[in-house]
Amino acid sequence: MKSILPSSVVGLILIFLAFPIIVVAAVSFSSANYLTFPPPALSLKWYRVYFGAENWLNPTWLSLWVAAAVVVLSTLLGTLAALGIARLPRPLRILVSGLILSPLIVPVIVVAIGVYYAFSRYGLVGKPIALVLAHTSLAVPFVVTSVTATLAGIDPRLEQAALSLGATPRGTFFQITLPLIQPGVIVGALFAFITSFDELIVSLFLSGQGAVTLPRRMWEDLRYAIDPTIAAVSTLTIVLTAVLLGAAHWLRKRSEQNRTLVTSSAP
Amino acid sequence: MAPGVRDTVSSTGSGASVSLAGLEKSYERVGAVNGVSLDIRSGEFLTLLGPSGSGKTTTLMMIAGFEQPTKGDIAIDGTSVVAMPPHKRNIGMVFQNYALFPHLTVAENIGFPLKQRGVAKAERAKLVGEALELVHLPGYGGRYPRQLSGGQQQRVALARAIVFKPRLLLMDEPLGALDKQLRENLQLEMRRLHADLGITFIYVTHDQEEALTMSDRIAVMNEGLVSQVGSPEDLYDRPCNRFVAGFIGESNFLPATVKGLEGDIVIAECQGAVIRATCPSRPSSGSTVTLTTRPERLRFADTLNGSAQSMNRMAVTVTEAVFAGERCRYMLKAADGTMIVLKEPSSAAIRRRTVGEHAEIAWSVADTILV
């Protein structure tokens with residue numbers, strides 16, 4: 001096949017995309033006390049600073065905890081929503097899915113101001129639960145989108161077949177529907193995690209003093225004191241995200257392989 | 001029992017009887033059912049045959065429980081099942097696209113209905129093995145559906161639908177996606193299975209040849225209604241309306257006027273000839289009817305020996321002659337210009353007609369139906 005762009009141009013584009021990550025990763029291993037590139041010498045001291053400082057570790061744990069809660073909530077809600085939407089008559093389906101996807105369309109700052117006013121009335125600002133709820137509403141659309149896409153590829157007659165073979169509606173869901181949409185659910189859960197873990201704008205409004213997340217902590221750090229700790233934190237965050245993406249890819253690959261595996265018992 | 005033997009099934013008692021009474025399903029889209037009443041006997045192979053949108057699949061889906069009738073009743077062995085959810089009806093079902101569970105192996109697919117019924121693992125493995133033998137796929141249990149050919153997948157779907165020994169098996173165009181050769185093999189196999197199992201089969205198809213080959217009885221459906229129910233011979237030899245005559249096999253249609261009755265025989269005038277015919281109804285003298293005949297039952301009169309009393313005769317002009325190997329196909333023009341198709345078995349001993357030739361055709365009174 002003839003490519004549209006010469007490979008040298010493609011290579012340049014890839015370097016352009018990856019360059020910030022390379023710089024940040026390089027700076028994180030710097031021995032200098034300020035952000036400078038290239039680093040004068042290599043050292044792990046900024047990682048030591050990060051892992052020794054409570055004011056870095058506490059926001060990290062909070063972000064992980066919030067993201068985990070968001071994954072559970074949004075995966076549950078989003079999967080159920082996708083299943084429900086698929087069963088709606090067409091005009092209603094478009095309306096309901098539009099409403100559920102609206103957090104993707106509305107600027108995040110608008111969502112942030114809205115939830116800030118709503119939550120402050122109930123004294124939720126500065127509490128982790130506020131972040132969990134707000135991040136869930138941002139993450140649900142990703143789960144709905146990915147589960148809906150998976151559902152579209154599944155023959156609706158499979159559920160009828162299961163029922164005709166004597167499976168209860170509940171049994172049909174757990175034995176047939178859920179295993180088949182599982183790849184979509186996993187991808188949705190992953191996006192939900194990243195959505196919450198990376199989220200800054202809503203967190204700026206809702207964190208208060210009591211619920212400072214990692215992105216919020218990084219943002220503050222950048223404003224007041226710039227040192228390479230932030231490069232170390234960023235690098236760790238990138239590694240975590242990459243590992244999660246790799247794991248999801250591996251899980252999907254494995255489940256596909258299970259289905260195509262030729263067992264030795266077959267003639 | 002050899003495939004094709006049709007009259008022994010009623011003696012086996014293990015099939016369910018199904019009774020549809022005034023069944024209706026209103027739809028905005030095509031496929032509505034407008035009042036179907038049908039009694040399906042225990043152990044019968046009944047085919048619902050009709051063009052797409054005739055309501056045959058909708059009727060099947062109502063029996064399975066996936067569609068709720070707007071009106072009417074469905075009784076299995078005399079008990080109404082209208083209020084019963086599909087998973088409690090204990091009916092086997094084979095879908096057109098097989099509907100095998102892609103994430104389960106062949107053995108797990110076939111074992112699925114047994115698992116739902118709480119059959120122990122060892123017993124399940126034994127029954128799955130037997131079912132695989134029955135559909136000639138022993139040793140395929142460990143494979144996944146996507147590793148099988150279309151025909152093999154359909155056999156697995158069949159095995160899965162009968163492994164729990166339902167007394168009624170529904171099939172929705174199960175061979176529609178397969179090529180001709182495979183379809184014919186599986187048709188014979190399904191007849192064999194039907195004979196072996198003795199359970200009631202309700203089969204949906206739009207393929208009239210398939211319906212004729214496999215069924216004990218056929219219910220021809222059109223526009224949400226049953227046009228005619230009968231054995232394949234009944235429907236082919238004695239269609240009771242123009243739709244059935246045209247849908248099953250090929251038919252010639254000629255306008256005719258009733259002249260009188262002679263016992264069971266109706267005398268009619270058609271294209272200037274006096275025709276004797278059988279008629280499902282008793283038309284009054286002077287009424288206009290349609291005469292139908294099958295192309296392969298017409299002959300050129302001069303090829304027949306002697307003058308059979310029970311023959312109708314008509315003068316025609318040959319307008320087209322096509323040699324098609326096993327037979328010759330002629331297009332003939334009757335007196336008023338109506339076209340008639342005649343199919344003659346080919347033989348080197350029979351003179352081939354030429355276009356423009358005048359001829360007389362003849363055919364049996366028994367093969368002449370007025371509708």
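**Where chains A and B meet**

Let's start at the interface. Here 22 residues of chain A are in contact with 26 residues of chain B. Keep in mind that this is a predicted model.

Which elements of chain A give two or more residues to the side that touches chain B? There are three helices to find: H7, residues 157-164, H8, residues 169-198, and H11, residues 229-260. H7(A) supplies the largest share, six residues. What about residue class? On this side of chain A, eleven residues are nonpolar, eight are polar and three are charged.

Now stay with chain A and look inside it. The domain assignment gives domain 1 as 22-52 plus 226-249, and domain 2 as 55-212. So much for the bounds. How far apart are the centres of the two domains? Taken over C-alpha atoms, 30 Å separate them. The domains also touch: six residues from domain 1 and six residues from domain 2 make the contact. On the domain 1 side, H11(A) gives the largest share, five residues. That side has five nonpolar residues, one polar and no charged. Notice H11(A) again: this helix also gives residues to the side of chain A that touches chain B.

Next, chain B. Count the elements and you get eight helices and 20 strands. Along its principal axes, the C-alpha trace spans about 75 × 50 × 40 Å. Chain B has 371 residues, and 41% of them count as buried. Last, its contacts. Take those in chain B between residues at least 6 apart in sequence: 66% join residues at least 24 apart.

Note on methods: Residues are numbered from 1 along each chain as its sequence is written. Chains are lettered from A and ligands numbered from 1 in the order in which they are written. This is a predicted model: local features need pLDDT of at least 70, side-chain atom pairs count only at pLDDT 80 or more; totals for chains, interfaces and linings use all residues. Two residues are in contact if their C-beta atoms, placed from the backbone, lie within 7 Å. Helices (H or I, at least four residues) and strands (E, at least two) are DSSP runs, numbered from the N terminus. Ala, Val, Leu, Ile, Met, Phe, Trp, Tyr, Cys and Pro count as nonpolar, Asp, Glu, Lys and Arg as charged, and the others, Gly among them, as polar. Domain bounds come from an automatic or database domain assignment. A residue is buried if 20 or more other C-beta atoms lie within 10 Å of its own, exposed if 12 or fewer, and partly exposed in between; C-beta atoms are placed from the backbone.
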